[in-house]
Amino acid sequence: MEKEKNGLNRRDFLKVGGMSTLALTLGTTGLLSVGGQATALAAGKGNNPTSGFGGYGPLVPDPNGILDLPRGFHYKIISREGNLMTDGSLIPGAFDGMAAFEGPNNTTVLVRNHELSGGPAFGKNPYDANAKGGTTALVVGANREVIKEYVTSSGTIRNCAGGATPWGTWLTCEENRSEGHGYVFEVDPQQPENELSKTPIKEMGRFAHEACAIDPSTGYVYLTEDASPSYLYRFIPNDVSQTTGSLQKGGTLYAAAIEAVTDPAASTFKTGQTFKIVWKQVDPHWCREEADAQNCIKFSRLEGAFFQEGVFWFDDTSAGDKKLGRVYRYVPHTNTLELFYEGNDAQQMEYPDNICCTPWGDLWYAEDGSGQDRIMGITPEGNVYPFAANRLSNSELAGPTFSPDGNTLFVNIQSPGKTFAIWGPFARRNAARAREMSFAAPKNLAPQISEQTAKVAEAQGMSVLEAAAFERHGINL
């Protein structure tokens, strides 16, 4: 039996604190610190291609020179800019944010943004006939072939990202603030180019929107701004029924502030530092100006957004001491903002943009940096690993989203636009691990727990990360 660095073999280690069942169930690739000694979990050490918890191994160069993936994974290009849609019109370019919904007869319905400016509009029922942005949809069969492709909204500007709603629609966001623009629009892929798709939700703010995500427990919408400086917003709808069209009934917009600090610049935040948020009400039309006047938090340039297991995740693409990017999380239940991860090495993070959470609980981000952009993952233990690398120069990866069954990853290359379906030995859905991501220690260090705490955790059916989180927050088990 191979010895661990501290002299314990795997069997001895699993006996520490009566943790054999717990450690095998956890199956992580991180470090566990029991009684002050850091020990690798031998069952999951290194890249495990069957778990995904520490990545899927090194990337294999694509012989086609397009997209490098780990061994065992495959891709097909299911949509290309300039090809014909079902109605005979051309597929518009600048593919960006995207979401996947369950469709009829074992299909997946993708809704895809097009970050286009100028004009004319490409749809038949545009919001603005002189604006070229909008959204399209793809109905993808079980064989990962496109059955139908069509326009879902048009006449908007720079539809960069957005967010899926719990009720099956897509919120597409304009990254623009020109006259008559700078809004969020709700798109129903089952009712393409209807009046809803061309009705701006003005009370969600007029600013350079990037992405948004909805807390399904409250119906509150969290929104990021792609500007410099940028602000973090929250929209509380008047109608929280969470149904199609309910957001159009208006609501109140707020910007995030911290009264406990005198300098609102997020650049002063340190990894693991937590803050209590104060939400300052702002005028939707002048939200940037009022956020600045009320000393709200100034971020560098906010990008992706995702909500999972009680936590709102978002990233700041050029923040940090080395300007490589940061990942934040906000926990509405405790009203706590925390810097979870900061890029200090371009090999691990370089300008994170769109983000998503995987079915097994890791956080993934698509890069928009110089050179080769990648899809990278962060585990609850703070390990970072690559999943894909774009071999095409001067074009970013965008819109990563998993099919409802978790078996297919869909992702875009922005220009020339390509949509990929990727499949292989993805880890199974793991809600417990997703919850662990919500309260994992925000640092690349082993969670520190005592042998006594480990015993209590096992007796209560609690994971090591849960126990560490309780201790970190001062809760005595």
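## Terms and basis of the model

Helices (H or I, at least four residues) and strands (E, at least two) are runs assigned by DSSP and numbered from the N terminus, and with these names one can say that arginine 158 lies in the loop between β9 (146–156) and β10. The structure is a predicted model, in which local features need pLDDT of at least 70 and side-chain atom pairs count only at pLDDT 80 or more, while totals for chains, interfaces and linings use all residues. Residues are numbered from 1 along each chain as its sequence is written, and side-chain values use heavy atoms, with hydrogens and water left out.

Two strands are said to pair if DSSP finds at least two bridges between them.

Tyrosine 330 stands opposite leucine 337 in β22. In a regular strand the side chains alternate between the two faces of the sheet.

## Strand β16 and its partners

Strand β16 (residues 251–257) is mostly covered, since six of its seven residues are buried, where buried means under 20% relative accessible area, exposed over 50% and partly exposed in between (1.4 Å probe, protein chains only). Five bridges join β16 to strand β15 (residues 233–237), and the two run antiparallel; tyrosine 233 stands opposite alanine 255 in β16. With strand β18 (residues 278–281), β16 pairs in the antiparallel sense over four bridges, and there glutamine 281 in β18 is the bridge partner of tyrosine 254.

## The largest pocket

A pocket is found on a 1 Å grid over the protein atoms alone, as an open set of points with protein on both sides within 12 Å along at least five of seven lines, and its lining residues have an atom within 4 Å of a point. The largest pocket has a volume of about 960 Å³, a volume being the space filled by probe spheres set on the points, which are joined across faces, edges and corners. Of the 39 residues that line the largest pocket, Ala164, Phe306, Phe307, Cys357 and Thr401 are the closest to its centre. The elements that give two or more residues to this lining include β10 (159–164), β19, β23 (352–357), β27 (397–402) and α4 (431–439).

By class, the lining has 25 nonpolar, 12 polar and two charged residues, with Ala, Val, Leu, Ile, Met, Phe, Trp, Tyr, Cys and Pro counted as nonpolar, Asp, Glu, Lys and Arg as charged, and the others, Gly among them, as polar.

Most residues other than glycine have a negative phi, and most peptide bonds are trans. A cis peptide bond joins serine 228 and proline 229, with omega about -5 degrees, and proline 229 is found in the loop between β14 (221–225) and β15. The bond from serine 415 to proline 416 is also cis, with omega near -10 degrees.

Asparagine 105, although not a glycine, has a positive phi of about 55 degrees, and asparagine 105 is exposed, with a relative accessible area of 76%. Arginine 158 has a positive phi near 50 degrees, and at 27% relative accessibility arginine 158 counts as partly exposed.

Methods. On a 1 Å grid over the protein atoms alone, a cavity is a set of points where a 1.4 Å probe fits but cannot get out, and a pocket is an open set with protein on both sides within 12 Å along at least five of seven lines; lining residues have an atom within 4 Å of a point.
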